[in-house]
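Dear colleague,

I am handing over the structure below, and would be grateful if you could look through it alongside the notes that follow.

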Amino acid sequence: MSPGGGWLSAHWQALPAFVHSTVFIVALTIVLILSVAYLTLWERKLIGWMQMRRGPNRVRLFGIPHTEYLGQPFADVVKLLIKEIVTPSRSNRVLFRLAPAITLIPAFAAWAVIPIAPGFAIADINAGLIYLLALTSVGVYGVILAGWASNSKYAFLGAMRSAAQIVAYEIAMGFALVGVLMAAGSLNLGVIVEHQRGAPLHWNLFWLFPLFMVYFISGVAETNRAPFDVAEGESEIVAGFHVEYSGIGFALFFLAEYANMILIAALTAIFFLGGWLSPLDGYLAADSGIRHVPLLGLALGDGTHWLVLKIFLLLCVFLWLRATFPRYRYDQIMRLGWKVLIPITIVWIAVEGVLAWFHVGPWRT
């Protein structure tokens with residue numbers, strides 16, 4: 001390590017713990033906001049390539065040459081910020097303005113317990129899984145309040161449809177996480193990742209594949225993404241629960257949707273794809289440069305690149321689903337949640353119990 005890097009690392013380690021937490025919270029929030037902004041751009045470009053069109057290709061990044069379309073997210077933000085905010089005259093103004101924040105805050109607060117590297121999380125708590133389940137369930141209140149406080153029948157109908165869908169798939173997600181808990185024997189997300197250490201066949205993806213499929217499909221449905229975006233069925237109820245929102249209010253709902261996509265992709269990677277663990281475990285030496293990317297002497301770079309890559313690939317699946325499948329009818333969505341996914345999780349939890357009883361697979365020790 002260079003002398004400058006060693007000096008920086010030594011001074012960083014000497015800072016109080018609350019300074020570390022504050023810096024990481026601010027840094028993570030900035031990274032998440034930028035990731036959401038550029039995820040919207042990546043969606044438009046990727047789907048454009050799939051459909052043989054260009055997508056955004058005009059707005060440069062602050063006028064810098066050869067940065068065509070990289071400034072599009074910033075242009076979108078400026079456009080939404082300067083739009084007039086219209087509040088319905090007979091709405092509940094307090095709840096109408098509070099609903100977008102209630103939807104957005106849990107998507108960011110959940111990252112407090114997400115381990116992005118070995119031994120590192122803003123709050124490394126043993127009840128991290130319960131904390132996540134509690135926070136992800138709060139978002140539905142923002143949806144319901146947005147529809148009800150608007151005093152609009154279109155918005156209220158969209159809120160009811162969206163809330164029923166979220167509740168149905170939340171149950172399936174919860175049952176899928178019961179299987180993960182049975183496999184790892186811990187509610188700590190870091191322990192869940194470490195339990196998958198070894199070759200990729202040790203990941204929960206192999207032994208809990210049905211639960212992986214249920215969890216990811218439920219995550220797509222819970223974020224109101226295509227083909228489960230009936231809350232925004234333009235031919236039926238205009239724009240769903242946020243039809244009365246404009247400007248920054250609509251932008252916050254938009255931000256929450258994409259932030260939840262990144263959160264679901266991160267949780268799927270942690271629960272089923274080994275989190276920060278390398279897919280080259282068992283094939284390369286532990287000190288290989290490919291497996292370890294140090295960052296200023298901190299452990300933050302130890303495997304974080306693998307977690308980011310897994311999140312990116314799962315987000316591409318989100319976008320691929322939107323470009324491929326037509327929107328389901330509402331009765332089809334509810335039937336899938338209640339009559340297909342939940343029974344699959346219950347059956348596989350029973351199978352997992354049998355495997356644990358006979359010490360098969362990850363339960364052999």
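I begin with N188, which sits in the loop between α6 (153–184) and α7 (189–194); helices here are DSSP runs (H or I, at least four residues), numbered from the N terminus. With a relative accessible area of 6%, N188 is buried, where buried means under 20%, exposed over 50%, and partly exposed in between, using a 1.4 Å probe and protein chains only. A polar atom of the N188 side chain lies 3.1 Å from the backbone oxygen of I125, and, once neighbours within four places in sequence are left aside, N188 is in contact (heavy atoms within 4.5 Å) with D124, I125 and N126.

Please bear in mind that this is a predicted model, in which local features need pLDDT of at least 70 and side-chain atom pairs count only at pLDDT 80 or more, while totals for chains, interfaces and linings use all residues. Residues are numbered from 1 along each chain as its sequence is written, and side-chain values use heavy atoms, with hydrogens and water left out.

Turning to charged pairs, the count comes to nine salt bridges, a salt bridge being a side-chain nitrogen of Lys or Arg within 4 Å of a carboxyl oxygen of Asp or Glu. One of them joins the side chains of E43 and R225 at 2.5 Å, N to O; because E43 lies in helix α2 and R225 in the loop between α9 (209–222) and α10 (234–237), this pair ties together parts that are 182 residues apart in sequence. Both E43 and R225 are buried.

Another pairs R327 with D229 at 3.0 Å, N to O, and since R327 lies in the loop between α12 and α13 (330–357) and D229 in the loop between α9 and α10, it ties together parts that are 98 residues apart in sequence. R327 counts as partly exposed at 31% relative accessibility, whereas D229, at 12%, counts as buried. Salt bridges that share partners also join E43, R225, E257 and R322 into one network.

Best regards

Note on methods
Helix = DSSP H or I, 4+ residues; strand = E, 2+ residues; numbered from the N terminus. Polar contact = N/O pair within 3.5 Å; in protein donor to acceptor, adjacent residues only side chain to side chain.
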